[in-house]
Amino acid sequence: MSSAGEGLSRPLPEQVRLHVVEVAAQVLGSMPAAAVPPPLRNIARFDPRKRARLGSAPIAAQLENDKEFRERVAETLEAAWPELVTSLAEGTVPPAAEPVLVAAAAYLTRPPGWPDLVEQARADLEQAAAAGSQREQAETRLREQLAAQRAAAKEEIDRVREQLKAARAENSDLRRKLHDARERVRAAEARADELEAETAEARVRAASANGAAETELRRLKERLADAERQLEASRRAIREGRSIEDTRVRVLLDALQDAAGGLRKELGLPTTISRPADYVTAVVPGEPGVTAVPARALANDDPQLLDQLLAIPHLHLIVDGYNVTKTGYPSLTLADQRARLLTGLGGLAVQTRAEVTCVFDGAELNGPVPVSAPRGVRVMFSAPGEIADDLIRTLVRAEPPGRQIAVVSSDREVAESVRRMGARPVPSLLLLRRLGRG
């Protein structure tokens with residue numbers, strides 16, 4: 001697009017020319033058919049999206065040569081950008097205006113000094129293009145550096161992978177060696193167990209041989225004692241002037257008496273015989289049991305009630321551990337609760353000589369709990385999947401019929417179930433008061 005006649009020394013910058021043509025193409029589509037310049041009538045019938053691209057040269061030439069058409073396009077631009085057009089008419093350029101739009105508006109509206117505005121826009125565009133070129137060069141350098149870094153990173157990753165592969169191979173070898181070492185340890189342990197078993201068997205044989213030797217020694221000593229007794233009897237008979245026959249009879253009688261005494265002792269025969277009154281039929285009084293306690297009216301939390309139960313011979317006292325501790329001292333930790341309860345039960349077992357079993361709930365435990373059980377107190381934890389209540393019922397069920405059992409628990413279900421099985425339920429508060437009394 002030559003602009004020498006309008007005061008431009010060079011053609012419009014390409015970006016400005018394209019913008020001017022695009023604005024003119026939009027105006028061309030909105031013009032009446034009679035007002036469209038003859039050279040552009042065919043182009044006006046184009047699709048709006050193709051009009052600026054296919055009719056670029058004729059539209060630019062018409063703008064250059066047809067002042068009326070250019071002014072009509074300028075009116076459209078002024079309606080779209082009134083502030084910009086007004087500023088250019090006043091000889092000022094808005095600071096934020098785009099150079100392409102400033103140059104297009106100056107070319108179409110032709111304000112005073114418009115060629116300078118176009119040249120200034122050209123300089124700004126060339127400067128922006130130069131900056132863009134520098135930016136592209138910088139981006140190219142950055143891409144090259146990034147590619148180099150990626151290549152170096154890939155090499156480093158390959159090296160690390162090789163090291164990891166070697167480490168895995170070494171780890172596999174170490175695992176194999178560890179497996180072999182464990183197998184040798186197992187074999188050594190098995191051999192040690194065999195040797196221990198052989199040693200135990202040898203000890204048993206030695207103990208058996210020692211027992212047999214001691215038995216034989218006792219038998220020889222007894223024979224020697226018999227011989228000495230017979231010799232002494234013979235000497236006594238001679239001294240008393242008895243005949244040898246009398247002596248033999250006396251010796252035989254002593255032997256028979258000793259044999260009878262030994263046989264009675266061996267068979268555990270009673271030393272006395274039954275009396276006539278033993279054969280008379282009558283009602284025999286029953287043995288004291290847990291159902292007969294209390295003998296007098298006592299409250300369920302009276303410690304004397306537990307004293308009466310503990311006085312029953314061969315009583316088995318089963319304690320629901322956490323039920324008692326959480327009733328008496330729930331603020332302590334579980335370990336401290338167990339220690340405090342077991343200490344009290346140890347003293348109770350020593351005082352009463354009763355069989356005491358304390359059951360704790362171990363259903364939620366991951367493994368055995370270290371517990372120092374006092375002497376005379378059996379400590380048990382329920383197995384995984386089993387609660388302490390079930391273990392208590394199993395203990396009661398394991399006892400033979402007639403065994404006197406007392407179960408300490410304030411759990412109503414536990415109390416009712418053990419009562420049906422013949423045991424005596426006791427409230428936890430009763431045991432706590434008995435332990436507090438000392």
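Me: Let's start with a word: buried means under 20% relative accessible area. Why does H316 count as buried in this predicted model?

Reply: H316 has 2% relative accessibility, and the cut-off is under 20%, so H316 counts as buried.

Me: Where does H316 sit, and what is in contact with it?

Reply: H316 belongs to strand β1. Contact needs heavy atoms within 4.5 Å, and, if you skip neighbours within four places in sequence, the residues that pass for H316 are E355, T357, R378, E399, R403, Q404, I405 and A406.

Me: What makes β1 "mostly covered"?

Reply: Count the residues: five of the five in β1 are buried. The cover is on both faces, too. H316, I318 and D320 are buried on one side, while L317 and V319 are buried on the other. Here's the background: side chains in a regular strand alternate between the two faces of the sheet.

Me: And how many residues of β2 are buried?

Reply: Five of the six in β2 are, and β2 is called mostly covered as well.

Me: How do you know that β1 and β2 pair?

Reply: Two strands pair if there are at least two bridges between them. β1 and β2 are joined by five bridges and run parallel, so they pass. One spot to look at is V319, which stands opposite C358 in β2.

Me: What about β1 with β4?

Reply: That one passes too, because four bridges join the two strands, which run parallel, and two would do. Look for I318, which has V407 of β4 opposite.

Me: Why is α11 called roughly perpendicular to α15?

Reply: The two helices pack at an angle of about 70 degrees, with their axes 9 Å apart. Roughly perpendicular covers 65 to 115 degrees, so α11 and α15 qualify. Their crossing is right-handed.

Me: Which residues meet there?

Reply: From α11 you have N323, V324, T327 and G328, and from α15 there are S428, L431 and L432. By class, this contact has three nonpolar, four polar and no charged residues.

Me: Last one: why is helix α7 described as largely enclosed?

Reply: Nine of the 11 residues in α7 (residues 99-109) are buried, so the rest of the structure largely encloses this helix. The buried ones include V100, L101, Y107 and L108. After α7 comes R110, with a positive phi near 55 degrees.

Definitions and conventions:
Residues numbered from 1 in each chain as written. Predicted model: local features only at pLDDT ≥ 70, side-chain atom pairs only at ≥ 80, totals over all residues. Heavy atoms only, no water. Axes fitted to C-alpha atoms, helices over the stretch in contact; angles between N-to-C directions. Parallel < 35°, antiparallel > 145°, perpendicular 65-115°, else oblique. Left-handed = near helix turned anticlockwise from the far one by under 90°. Nonpolar A, V, L, I, M, F, W, Y, C, P; charged D, E, K, R; others polar. Buried < 20%, exposed > 50% of the residue type's maximum accessible area, 1.4 Å probe, protein only.
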